[in-house]
Amino acid sequence: MIIHGQDSGAVPDHSTIEIHTKDFSCEGGKDTPDYDKHPIVYYHIGDEEFLLCEYCGIKYVYVGGGPRID
């Protein structure tokens, strides 16, 4: 996954993560509000281009291509 932050002069309200599969999970990030209260949540991107985690606001953008093998 590629994580994109906002420009250094902005105060980020969330991050954007490009994903290559439509099924994914989120457990928040250490810099997100209430990190210690964020459960692991599972999502599926259907026809949407992106989803926001309902707990931390991280934006997941589906870019296709299937799972990556590094």
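## Nonpolar core and cysteines of a predicted model

The largest nonpolar core of this predicted model comprises 12 residues: Ile17, Ile19, Phe24, Cys26, Val41, Tyr43, Ile45, Leu51, Cys53, Cys56, Ile58 and Tyr60. Such a core is a set of buried Ala, Val, Leu, Ile, Met, Phe, Trp, Tyr and Cys residues joined through side-chain atoms within 4.5 Å. At least two residues of this core come from each of strands S2 (16–19), S3 (23–26) and S4 (41–44); strands are DSSP runs (E, at least two residues), numbered from the N terminus.

Leu51, one of the core residues, is in contact (heavy atoms within 4.5 Å) with Phe24, Tyr43, His44, Ile45, Ile58, Lys59 and Tyr60, leaving aside residues up to four places away in sequence.

His20 lies in the loop between S2 and S3. Its side chain reaches the backbone oxygen of Gly64 at 2.8 Å.

| Residue | Relative accessible area |
|---|---|
| His20 | 18% |
| Cys53 | 5% |
| Cys56 | 8% |

The model contains zero disulfides, a disulfide being a pair of cysteine sulfur atoms within 2.5 Å. The cysteine sulfur closest to that of Cys53 belongs to Cys56; because the two are 3.7 Å apart, they are too far for a bond. Cys56 is likewise in no disulfide.

Residues are numbered from 1 along each chain as its sequence is written, and side-chain values use heavy atoms, without hydrogens and water. Local features need pLDDT of at least 70 and side-chain atom pairs count only at pLDDT 80 or more, whereas totals for chains, interfaces and linings use all residues.

Conventions:
Buried means under 20% relative accessible area, exposed over 50%, partly exposed in between (1.4 Å probe, protein chains only). Helices (H or I, at least four residues) and strands (E, at least two) are DSSP runs, numbered from the N terminus. A polar contact is a pair of N or O atoms within 3.5 Å; within protein, one must be able to donate a hydrogen and the other to accept it, and residues adjacent in sequence count only if both atoms are side-chain atoms.
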